[in-house]
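Colleague: I would like a close look at the aromatic side chains in this model. Please give the cut-offs as you go.

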Amino acid sequence: MLGRDSAEWAVPWEPFLARKHAELAVRSGKLKVRKLASASNPIFHAGMLCDSCELIPGAAFVIGRTTFTFADGGRSAVSPSDDRNLLDARTVGHHELDRLAFRDAPHRLDVLSKLPEVISSATDDADLFGRLVDMLLAGIRRADAVAIVALPPPEKRSRSDFVVAEPPMKVLHWDRRLSGDGDFEPSKRLVKTAVAEQKQTVLHVWGVTPKTASTPDDPFTLQGKFDWAFCTPIHCEACPGWALYVAGRFNGAAATTLLAPWESNELRDDVKFAELVADIFGSLRQVHVFRERQGVFRRSSRRA
């Protein structure tokens with residue numbers, strides 16, 4: 001039973017949800033949703049009103065302002081990259097790469113110079129995320145996919161006997177260099193390590209098997225199981241838990257070049273660039289939010 005007072009699926013934040021709104025049942029890997037006659041507000045599925053619908057994993061329905069997505073726990077609880085053995089994991093200390101110069105400084109600096117305009121000209125957060133991801137793909141030519149992710153802090157509860165679930169990772173926006181490569185799901189393990197534990201950039205390199213090394217079109221790779229990825233937190237009060245996530249494949253480069261010291265590491269410039277973007281973006285975002293608050297205060301004082 002789905003509803004604000006349901007013992008199984010309570011959603012107290014949604015004002016348009018009835019106390020008992022819909023019955024949910026999973027059969028043969030599909031979710032069947034049936035609206036109760038006592039519920040006054042509609043259910044939307046695929047943009048249309050419906051009294052009942054059937055969902056496959058990844059599909060969703062909407063009640064009021066809340067989107068309910070059916071996630072198959074056996075497949076979506078772990079992102080594709082998380083079920084592979086790590087070949088290497090390293091944490092990049094703050095300013096660890098400052099002393100190393102860019103190998104292609106003109107290109108990187110040209111992309112960085114556009115960041116203030118990206119923020120100031122964005123009409124809303126969705127537009128901002130899209131522009132930022134496009135800019136990262138332009139600046140990190142080795143990247144096959146880029147995402148802006150968020151890992152909210154755990155919710156504080158007053159009841160000591162209440163078990164608080166780990167906050168879910170949110171993908172605010174993502175894009176791939178080749179749109180035909182399918183969906184992209186960042187590694188939850190990597191994001192958690194970088195954002196919640198280390199609070200610094202973390203790089204993961206996964207082992208490459210003989211099959212994936214010799215068959216570039218193998219589905220194992222095309223389904224999003226990248227050979228490497230790194231996650232860079234954005235340290236800013238206006239971006240709580242936000243981070244930049246960059247992933248790619250070896251593309252002929254030996255795995256050893258991604259495990260080498262930073263002086264000769266293939267990803268050195270990419271990590272350095274992402275850290276600069278995160279620092280600049282965080283600072284500009286904070287100033288932007290501060291100015292918006294000042295504007296609200298000024299308007300309020302004039303009315304008073």
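Which ring does the charged end of Arg-90 sit over, and how far is it from the ring's centre?

Modeller: This is a predicted model, where local features need pLDDT of at least 70, side-chain atom pairs count only at pLDDT 80 or more, and totals for chains, interfaces and linings use all residues. Residues are numbered from 1 along each chain as its sequence is written, and side-chain values use heavy atoms, with hydrogens and water left out.

The charged end of Arg-90 sits over the ring of Trp-262, 5.0 Å from its centre. The term requires NZ of Lys or CZ of Arg within 6 Å of the ring centre and within 35 degrees of the ring normal. Lys-272 also has its charged end over a ring, that of Phe-102, at 5.4 Å from the centre.

Now the ring pairs. The whole structure has four aromatic pairs. Rings of Phe, Tyr and Trp (its six-membered ring) pair if their centres lie within 6.5 Å; planes under 30 degrees apart are stacked, over 60 edge-to-face, and the rest tilted. Phe-61 and Phe-68 are stacked, because their ring centres are 5.0 Å apart and their planes at 15 degrees. Phe-61 is buried, at 2% relative accessible area. Phe-68 counts as buried too, at 14% relative accessibility. Buried means under 20% relative accessible area, exposed over 50%, and partly exposed in between (1.4 Å probe, protein chains only).

One aromatic cluster is formed by Phe-129, Trp-242 and Phe-281.
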